[in-house]
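Q: Could you take a close look at one part of this model for me? I'd like to hear about the salt bridges and the strands around them.

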Amino acid sequence: MGKMIFRRALRLRPTSRRNAIAALLAICLGWIWLLPTSLHALDPNKRLTQYVHSSWRKRDGTAPRAGYKIAQTSDGFLWIVSGDIMTFDGVRFTPWDEFPDDRSTGSGPFGQIVNAFGDRSGGLWVFGLHGIVHLKGRVVTSRFDLEGLRTLQNFSEDSDGSIWIVRGNNSVSDEPLCHVTERAVKCFG
C-alpha cells in the first residue's frame, strides 16, 4: 500500500494577553460609536457679530486704494502692489518705502512697481517698470536695471531659486527672455 499523508489543521491559539488587548480595543471602539458628540468651531449660542473681528475698507482709509497683485513671504507678511507697495502684518497696512533712491514713488530709476513674487526661499522679487529688486528678510539683497517690464509680464521660479521673465515691451523684443539670479541678469533673443 502507498504512504498515506495525514494533514492536521494548525490552530493558532490566542494567548490571554491578545484576548485582553482585543477586548479593550473593542470596548474603546464601542464607546466611540455609541457616544457621538457634536463639536463646534464656534459657540453655537453666540451670533457671529458677538465675536471680535476687524475689517479693512478703502473708504475708511485702512486698506490700500487699489491692489492688482498680492504676494506673501515666509515671514507671514502680505505685500500688496498698487503702483507702490504696502505690507500687511495681519493688523495694519504700512507703505514700504525703503528702496534706495526713492524708487518706490516712480520718480527714481526703478520706476513704478508693477508686480511682486514671493519665492520658495522666503524672499520677495519686486518688479518695477525699469528694474528688479530682491528682498530677503525685508532687506534689499540685489538690484538690477531691466527695461521692458510690464504689469502682466510672465515670470516663473526655477528649481535653483532663480527666476525667468518674459519682457512684455515690444521695444526690447530682440532679447525678450531673461534669466535673473541673485548676482546677474542674462537676456536671450
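**Salt bridges and their strands**

A: Let's start with arginine 120, which is exposed, with a relative accessible area of 60%. Keep in mind that this is a predicted model. The side chain of arginine 120 meets that of glutamate 157 in a salt bridge, at 3.9 Å from N to O. This pair links distant parts of the chain: arginine 120 sits in the loop between β5 (113-118) and β6 (124-128), while glutamate 157 belongs to strand β9 (residues 154-157), 37 residues apart. Glutamate 157 is buried, because its relative accessible area of 14% falls under the 20% cut-off.

Searching the whole structure turns up three salt bridges. Another one joins arginine 143 to aspartate 145, with the closest N and O atoms 2.9 Å apart. Here arginine 143 is partly exposed at 26% relative accessible area, and aspartate 145 is exposed at 55%.

That brings us to the hairpin. Strand β7 (residues 131-136) pairs with strand β8 (residues 139-145) in the antiparallel sense, over six bridges. Arginine 143 turns up again here, as the β8 bridge partner of valine 133. Two residues lie between the strands of this hairpin, and glycine 137 takes a positive phi near 60°. Histidine 134 also has its place in β7, and it counts as buried at 1% relative accessibility. The side chain of histidine 134 makes a polar contact, at 2.3 Å, with the side chain of glutamate 182.

Then there's the salt bridge between aspartate 89 and arginine 92, whose closest N and O atoms are 3.7 Å apart. Both ends are partly exposed: aspartate 89 has a relative accessible area of 39%, and arginine 92 has one of 48%.

For the strands around that pair, look at β3 (residues 85-88), which pairs with β4 in the antiparallel sense over three bridges. Methionine 86 stands opposite proline 95 in β4. These strands belong to an open sheet of four, in the order β1-β2-β3-β4, with antiparallel pairing. Its edge strands are β1 (69-72) and β4 (93-95), each pairing on one side only. From one strand to the next, the twist averages 25°.

Definitions and conventions: Residues are numbered from 1 along each chain as its sequence is written. This is a predicted model: local features need pLDDT of at least 70, side-chain atom pairs count only at pLDDT 80 or more; totals for chains, interfaces and linings use all residues. Side-chain values use heavy atoms; hydrogens and water are left out. Two strands pair if DSSP finds at least two bridges between them. Axes are lines fitted to C-alpha atoms, for helices over the stretch in contact, and angles run from 0 to 180 degrees between N-to-C directions. Buried means under 20% relative accessible area, exposed over 50%, partly exposed in between (1.4 Å probe, protein chains only). A polar contact is a pair of N or O atoms within 3.5 Å; within protein, one must be able to donate a hydrogen and the other to accept it, and residues adjacent in sequence count only if both atoms are side-chain atoms. A salt bridge is a side-chain nitrogen of Lys or Arg within 4 Å of a carboxyl oxygen of Asp or Glu.
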